Each structure stands twice: as C-alpha cells, then as structure tokens.
Amino acid sequence: MSRKEIEAMFGLSDSKQTWVYQEGRLEAKLEAVPKLLALGLTVEQIAQALDLDVAQVQQVEQQKRSPE
C-alpha cells in the first residue's frame, strides 16, 4: 500500500502529524545530542540547531555524564 492509501484508510490528513511520527522525530533529535556535544557544540547551539528546548538538551547532557 502507498502512504496515501494508508492515510486514507486511517483517516489521516498527513502521516507527519501523527503522534508516532512526532515522537520518532524527537527521539532522533535527542539521540543526536551526545554526538554534537562530543563535537564541541554548546548546549545552546544544539538546542537552536535541533529546535529543542535548552532544558531538553541539558537533560541528555546530564544523563550522558551519569549513566545509570
């Protein structure tokens, strides 16, 4: 089935507006944070580049420092 057929079947106007899609995008952005920190970018630069809140980036940074 094509994407258009699936959207029509589930009554979706655009699959990019679904919760699952949005969660996947956020998860991908958060996974990129440690790599960008390792490159020497600041928390503020990363937040701006990935369109995240500074607090979200700081949370990932803290988790990286103290792994469970």
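Start by selecting helix 3, residues 43-50, in this predicted model. Within helix 3, pick out V43, I46, A47 and L50: these are its buried residues. Here buried means under 20% relative accessible area. Look down the axis of helix 3 with those four side chains shown. They lie on the same side of the helix, because they cover an arc of only 100° around the axis.

Next, turn to the other side of helix 3 and select Q48 and A49. Both residues are exposed, and exposed means over 50% relative accessible area.

Go back to the buried side. What covers V43, I46, A47 and L50? Select helix 2 (19-38) and helix 4 (54-65), which are included in the cover over the buried residues of helix 3.

Now step off the end of helix 3 and select D51. This residue follows helix 3, and its phi is positive, near 60°.

Then show the whole protein as a cartoon. How many helices and strands does the protein have? There are 4 helices and 0 strands, and along the sequence they give the pattern α-α-α-α.

Keep the whole protein selected and colour it by burial. Of its 68 residues, 18% count as buried; V43, I46, A47 and L50 of helix 3 are among the buried residues.

Switch to a surface view. The accessible surface of the protein comes to about 5,400 Å², and carbon and sulfur atoms hold 53% of that surface.

Last, show the contacts. Among contacts in the protein with a separation of 6 or more, 28% are between residues 24 or more positions apart.

Technical notes
Residues are numbered from 1 along each chain as its sequence is written. This is a predicted model: local features need pLDDT of at least 70, side-chain atom pairs count only at pLDDT 80 or more; totals for chains, interfaces and linings use all residues. Side-chain values use heavy atoms; hydrogens and water are left out. Buried means under 20% relative accessible area, exposed over 50%, partly exposed in between (1.4 Å probe, protein chains only). Helices (H or I, at least four residues) and strands (E, at least two) are DSSP runs, numbered from the N terminus. The arc is that of the directions from the helix axis to the C-beta atoms. Contact means heavy atoms within 4.5 Å. Accessible areas come from the Shrake-Rupley method with a 1.4 Å probe; for residues, only the protein chains shown count as cover.
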